[in-house]
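Trainee: I have a model open and I want to learn to read it. Can we go through it feature by feature?

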Amino acid sequence: MSTKKKTTPDLVELTSKPCTTLDGQGFKTLIEAAMTWVKTNQQTINALNVFPVPDGDTGTNMLLTMQAAYNEIASSGENNVGKIAHAVAQGALMGARGNSGVILSQIWRGFARGLDSLDTLNAQVFATALDESRATAYKGVVRPVEGTILTVIKDVSIAAKKITAETEDLIEILEHIVTAADESVQHTPELLPILKQAGVVDSGGKGLFFLLEGMLRHLKGLPLETPTATVLPLASMKLDEAMEGVEPGQDYEVVIDFRPNEPLNLEKYYEGLGEIGTSIQVGEGDGMYRMHIHVPTEKRYEPIEYTLKLGTITKVAMENLLAQMEEQQGKNDQKINLAALESGHIAVVAVSPGKGISRIFASLGVAAIVEGGQTMNPSTEEILHAFENLHTDKVIILPNNKNIILAAQNAATLTVKKVAVIPSSTVPQGLSAMLRLVGDADFDHVVSEMNEAIHEVETGEVTIATRTVEINGVDVKSGEVIALLNGKLVNAEPTLEEACEKLLKSAKTEDRERITIFYGNNISKNEVNKIVDDIRLIYPNHEFELHDGGQPHYQFIFMIE
Amino acid sequence: MSERNNQFGNIYVSHRAIATIACQSALESYGVVGLAAKNLAEGLAQVLVKDPSLGVDVHYDGQMIQIDLYIIIEYGTRITTVSSSVADSVAYQVEKSLGIPVNHVNVHVRGLRISNAD
């Protein structure tokens, strides 16, 4: 994150006198505050996401959209508030992620139109702009679904109109609007049955609430970096998805239901739990609390003892996450479905280093997959065996590693079938070639298309150096993170972040459009998210795809198109 | 016709029924302001569609469903994002309603509607 820690002395001053106008720079700090507050509360928003598709990414999408919006103005010294708003709208449009992001970009677009090219923003203008936001947001869909972010912006604009007739003070106005947004969010389950069933409020609406609240907190000089300890409604605690973020040191999941003896001091409770474990969630319903935490094996009884001091425990559930994880992985392992090959069509055999990558090759229609890659090269026989029994005499092999090309070529000479080996030396090259497959087209034509395709992508690979060496003029110390571009060593850095960033720079990523990232089996999802968020910030206008490649050795494989 | 069995006999779900689900969910998806007829010449796109299978093409091979959507998008939204959201929503709704996996949703953007030029 590029946001600087805000110190607040200049703002305390603001609170003492009524603030009635904002110029471009003032508005810019509000946008930054809104973005920071959404970032702080990102996970809370994600946890609420059940509509339209329950994929738990609303908070992340809204944050990425806001980051793209803020990037447009981050270095601008513009004083005209209208121009700043237009730049925000432009950034949000270009960086819109997901449904909520698109709606948010429309809200900013309307807002910018409302401000037109005015120098400063005052109460009246603010109300007009919010009304434009509402109008523009509603125009973007044939059948607006109520009980979503759309409803919240509508209620907000109505509240703004009412309050601006009474006062000029922007802090007072925002305070009123934030309350209205909160009430509107709380009301969403009444309008959208699916929210009620899931026992949550709307995630996008909640995100919009945080945006506005972030602005208000900034104007009041309240901190934006630490989340207010939140209590979720009991039903929205996503306990069944506990597996997602399991990492070493989080061996057990402990869930405790309890009734506190005295009103619970949430901040303090969180603090105490924070010393024991991670992934802390606390839910409340009817005076009953439920606490959820991940802890290492040796600390598995500590949350119970800690909570016992505060009240009466009614139920404790403890699960061994590592054992479950292994079971889950066993299940995932079986799920690769290869498309049925039509008799006589061209069959493609791909060598894949990881389960996730195999699944992607399968979805693109390969007829057979051979496991193998760096340090586990499949033999000629294994490759031969993969295609000998297929109902076709036309076979294309994608070795996807330069050490396997030879084995593949050998396999080609040992069969009566017509076999072509595409010299793909990396997974992205193989995927790129795979996209050119037309099963019933002329064999030679497909082969030449594929041969061309492998030169159309850049491949980046990131791994840890196992020894100290100097290659291509790059000094590498054992244990450093090294980055390879199209198989050539380009840099060695102390951290994964730096290696990834420098690698993308060397690949001239700014001239490309899409970055597909496959992460390996030797890196945690949290680390991946952190690094990928950083990269997204550097390339806000690129398309990103993130896949669990499951490959060994390489923390990341990048496919840059 | 997609076919499923229960203990009393067969359940048939027509392409049209699948198309109706897809169509409803597409029209509720943000950024989509209409479906366009797949065969008509360009420019004849209708913004409000009465026929539920207009603008939606369903292929079903007995195992997997493939859906083609022909849509009109609001000008000024990010087209790639709107397209992938609508594909996600449609796939999710159809799978949830029918319990049959949807393996492809192809989105064809047939036009943009300009409500506000700015």
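Trainee: Is strand S4 (residues 288–295) of chain A mostly covered or mostly open?

Mentor: A residue is buried if 20 or more other C-beta atoms lie within 10 Å of its own, exposed if 12 or fewer, and partly exposed in between, with C-beta atoms placed from the backbone. Helices (H or I, at least four residues) and strands (E, at least two) are DSSP runs, numbered from the N terminus. S4(A) is mostly covered: 7 of its 8 residues are buried. Across chain A, 46% of the 561 residues count as buried. This is a predicted model, where local features need pLDDT of at least 70, side-chain atom pairs count only at pLDDT 80 or more, and totals for chains, interfaces and linings use all residues. Residues are numbered from 1 along each chain as its sequence is written, while chains are lettered from A and ligands numbered from 1 in the order in which they are written.

Trainee: Which way do strand S2 (residues 252–260) of chain A and S4(A) run, and how many bridges join them?

Mentor: Strands of a sheet pair through backbone hydrogen bonds, either parallel or antiparallel. Two strands pair if DSSP finds at least two bridges between them. S2(A) and S4(A) run antiparallel, joined by 7 bridges.

Trainee: In what order do the strands of the open sheet in chain A stand?

Mentor: The order is S7-S6-S8-S9, 4 strands with parallel pairing. Strand S7 (368–371) and strand S9 (418–421) of chain A are at the edges. Each has a single partner strand, so one side of each has no neighbour in the sheet. From one strand to the next, the twist averages 20°. Angles run from 0 to 180 degrees between N-to-C directions, and axes are lines fitted to C-alpha atoms, for helices over the stretch in contact.

Trainee: How many bridges link strand S8 (residues 394–398) of chain A to S9(A)?

Mentor: They pair over 4 bridges, in the parallel sense. A:Ile396 has A:Ala420 in S9(A) as its bridge partner. Helix H17 (residues 405–413) of chain A lies across S8 and S9 of chain A, at about 165° to S9(A).

Trainee: Where is A:Asn486?

Mentor: Look in the loop between strand S13 (481–485) and strand S14 (488–493) of chain A. These two strands pair in the antiparallel sense over 5 bridges. A:Ile482 stands opposite A:Ala492 in S14(A). The hairpin has 2 residues between the strands, and A:Asn486 takes a positive phi near 50° there. A:Asn486 is not a glycine. A:Asn486 is partly exposed, with 18 other C-beta atoms within 10 Å.

Trainee: Is A:Lys508 buried or exposed?

Mentor: A:Lys508 counts as exposed, with 11 C-beta neighbours inside 10 Å. Its phi is positive too, about 55°, although A:Lys508 is not a glycine.

Trainee: How many residues of chain A are in contact with chain B?

Mentor: Two residues are in contact if their C-beta atoms, placed from the backbone, lie within 7 Å. Here 23 residues of chain A are in contact with 22 residues of chain B. On the chain A side, H6(A) gives the largest share, 9 residues.

Trainee: What ipTM does the predictor give the complex?

Mentor: The ipTM is 0.77, and the pTM is 0.58. Chain B has a mean pLDDT of 81, with 80% of its residues at 70 or more. Over residues 41–49 of chain B, pLDDT stays under 50. Where pLDDT is low, the predicted coordinates should not be read in detail.

Key
pLDDT = per-residue confidence, 0-100.
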